[in-house]
Amino acid sequence: MKTKKNNLLNFCPFRKVTDFDALQGVPDWLETINMSKYADQFTVAGYDKLEHVCKITDNDLDSLGVKLIGHRNKIRKSIKALKDHYRKKRESCTWERLTLF
């Protein structure tokens, strides 16, 4: 029998897994993390592909107008997940190529 504590840990509305491969671009990514208010700033700054987002630094977030610490943390956390996604994808492709030959 599960305890109340375990049930609460399994349900967390703020915990959302993003399928990065299904995203249509940076505005779509920002929408999934509830940061779509910054979509225009990202677009104007030239961040039109998710691969470009992986290179964003704290200074870039400043120049994009992301000043609130909670927003910065949410974007940084998602960028880290995006980097991990691309790293795993590269490793998977490398492994598949090695096993084909």
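Biologist: Why is lysine 67 called exposed?

Modeller: The cut-offs are on relative accessible area: buried is under 20%, exposed is over 50%, and partly exposed is in between (1.4 Å probe, protein chains only). Lysine 67 has 56%, so it counts as exposed. Bear in mind that this is a predicted model, where local features need pLDDT of at least 70 and side-chain atom pairs count only at pLDDT 80 or more, while totals for chains, interfaces and linings use all residues. Residues are numbered from 1 along each chain as its sequence is written, and side-chain values use heavy atoms, with hydrogens and water left out.

Biologist: What makes lysine 67 and aspartate 62 a salt bridge?

Modeller: The rule asks for a side-chain nitrogen of Lys or Arg within 4 Å of a carboxyl oxygen of Asp or Glu. This pair comes in at 3.9 Å, N to O, so it passes that cut-off. In general, side chains of opposite charge can pair when their charged atoms come close. The count by this rule is eight salt bridges.

Biologist: Is aspartate 62 buried, partly exposed or exposed?

Modeller: Partly exposed, because its relative accessible area is 34%.

Biologist: Which arginine does aspartate 62 form a salt bridge with?

Modeller: Arginine 72, with the closest N and O atoms 3.0 Å apart. That pair links distant parts of the chain, ten residues apart: aspartate 62 is in helix α5 (residues 58–63) and arginine 72 in helix α6. Helices here are DSSP runs (H or I, at least four residues), numbered from the N terminus.

Biologist: And why does arginine 72 count as buried?

Modeller: Its relative accessibility is 9%, so buried is the word.

Biologist: How do you know that glutamate 91 and arginine 87 pair up?

Modeller: Their side chains meet at 3.3 Å, N to O, in a salt bridge. Both lie in helix α6, four residues apart, about one turn of the helix. Elsewhere, salt bridges that share partners join Asp58, Asp62, Lys67, Arg72 and Arg76 into one network.

Biologist: Why is histidine 71 called buried?

Modeller: Its relative accessibility is 18%, so it counts as buried. Histidine 71 lies in helix α6, which runs over residues 69–100.

Methods
Helices (H or I, at least four residues) and strands (E, at least two) are DSSP runs, numbered from the N terminus.
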